[in-house]
Amino acid sequence: MASLGRHIIVEYYDCAPEALNDVTHIEKSMEGAAEEAGATIINSTFHHFSPYGVSGVVVIEESHLAIHTWPEYGYASVDLFTCGESVDPWVSYQFLKEAFKAAHGSAVELKRGELALLTKKDFDIQQLRDEKSTDAGEPIRTRDIWFTERDDKIALSMKHNGKLYDQQSDYQRVEVYETQAYGNMLTLDGMVMTTEKDEYVYHEMITHVPILTHPNPKRVLIIGGGDGGTAREVLKHTELEEVVMVEIDEKVIEACKLHLPSIASALDDPRLNLIVDDGIKYVNEASDGSFDVVIVDSTDPVGPAEGLFSVDFYKEVYRILSTDGIMITQSESPRFNNKVFKEIYQVYRSIFGMDKVHCYLAYIPTYPTGMWSFSYSTKGSAHPLNGFDPAKSQAFSESNALSYYNGQIHAAAFALPNFVKQMIDQ
Ligand code: SAM
């Protein structure tokens, strides 16, 4: 053996883009390529980035296999690095070419650590090696697989055990991951929508603040909210006469019923009128003054939800609100989406009036920056603090065993930091 290692630098071209964006498939293929070549796997770590692309490494006793993918080009770059004679990296090369359906590949082999250029150092092996192995002497195999939501400046990564649901609907890519820290998690087009461990913050704050401050709420409309969390909380208000929910994507409902049952628990409640349709169309066709509270529980202003952030839509919501009607929207993160945040508050004020629009905050660990905002706009006399009865809120919170919302949090949520006040007042 003239060198310590063999390093094959590989380029795979015209691969199947879906294969290069499927982290579970890539992980299995890379591990399969290692085992097929006779290697012993110690650890595998894979990251898949939103909106696309995967990077990962399989550490083997005989060194490593690494990959970076560009699904948008159907291209993958791979490093196959092996030490010793027992593993043939070219077997891995062929295995992966088939796994990624590469039309063609190119590879160059480098000898790494030419022995002729090396002199052995005198050091005590025993003192250096830590025994990460089973009693039988087998290396302990570990696996890390990460989901990462990122924009060009910040990212949030979560370790998970794989994907439970993955469907491309007519509107978006609907995925559910089994995360290790936050339970099952729904993402749409690679963006975190809700997780089992912190969903209650969002769902309790988007529902109880308006319903407990409306003078006499009877009819509530939810736009979006396909995970069911908002409907679950709204239906805790037993005095309501009608609750309508209009969700555009039945795949979201299906995914959440299957894999997030604690959130989707109310989607089959007979008191819920669940309609699968475009919320914009539903609002345009609804009668004047027909709802007391309209909750817009939408995704970010992209894809099917873009129209839910438009002046026309909000004007229509204003029209269908009753005299003291309240519109609540998730209004993004003041820190993360400050441009959208500023714009929508100007629009709300132009429609509802300067002193009829209020902003409140809540802290959702799996949302970008953790600081998230909700808007409270009223057509009539309803007011988030003047109409607020702390004792009634506290009693509601206790009798429903809520996890986030209570009387103090209600009041505190409207106490805004100066930078947020300045953004709204601009
Ligand atoms: N809490 C999440 C957030 O803040 O990002 C939103 C959760 S909920 C899953 C958002 C829902 O809005 C999605 O199920 C999506 O399909 C739905 N949606 C988007 N555009 C819509 C539209 N035009 N009409 C009805 N539902 C819509």
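**Annotated binding-site residues and the open sheet**

In an unreviewed UniProt entry, His203, Asp227, Asp297, Ser298, Thr299 and Asp300 are listed under "binding site". Of these residues, His203 is included in the lining of the largest cavity of the structure, which is a predicted model.

Asp227 is located in the loop that lies between strand S12 (219-224) and helix H5 (229-234). Because its relative accessibility is 8%, which falls under the 20% cut-off, Asp227 counts as buried. When neighbours within four places in sequence are left aside, Asp227 is in contact with Leu186, Thr194, His203, Val252, Cys256, Ile263, Ala264 and Leu267; with His203, the side chain of Asp227 also forms a polar contact of 3.1 Å.

Residues up to four places away in sequence not being counted, Ser298 touches Tyr202, Ile223, Ala305, Leu308, Phe309 and Gln330.

Elsewhere in the description, 11 strands form an open sheet of mixed pairing, in the order S6-S1-S5-S4-S3-S2-S7-S8-S9-S10-S11. Strand S6 (104-114) and strand S11 (191-195) each have a single partner strand and therefore stand at the edges, one side of each being left without a neighbour in the sheet. On average, neighbouring strands of this sheet are turned by 25° against each other, direction ignored.

Strand S1 (residues 3-13) runs antiparallel to S6 and is joined to S6 by 10 bridges, with Glu109 in S6 as the bridge partner of Ile8. Helix H2 (residues 89-99) lies across S1, strand S4 (63-70), strand S5 (75-83) and S6, and runs at about 15° to S1.

Notes: Residues numbered from 1 in each chain as written. Predicted model: local features only at pLDDT ≥ 70, side-chain atom pairs only at ≥ 80, totals over all residues. Heavy atoms only, no water. UniProt positions renumbered as here; feature names shortened; annotations may be inferred. 1 Å grid on protein atoms, 1.4 Å probe; cavity = no way out; pocket = protein on both sides within 12 Å on 5 of 7 lines; lining within 4 Å. Helix = DSSP H or I, 4+ residues; strand = E, 2+ residues; numbered from the N terminus. Buried < 20%, exposed > 50% of the residue type's maximum accessible area, 1.4 Å probe, protein only. Contact = heavy atoms within 4.5 Å. Polar contact = N/O pair within 3.5 Å; in protein donor to acceptor, adjacent residues only side chain to side chain. Pairing = 2+ DSSP bridges. Axes fitted to C-alpha atoms, helices over the stretch in contact; angles between N-to-C directions.
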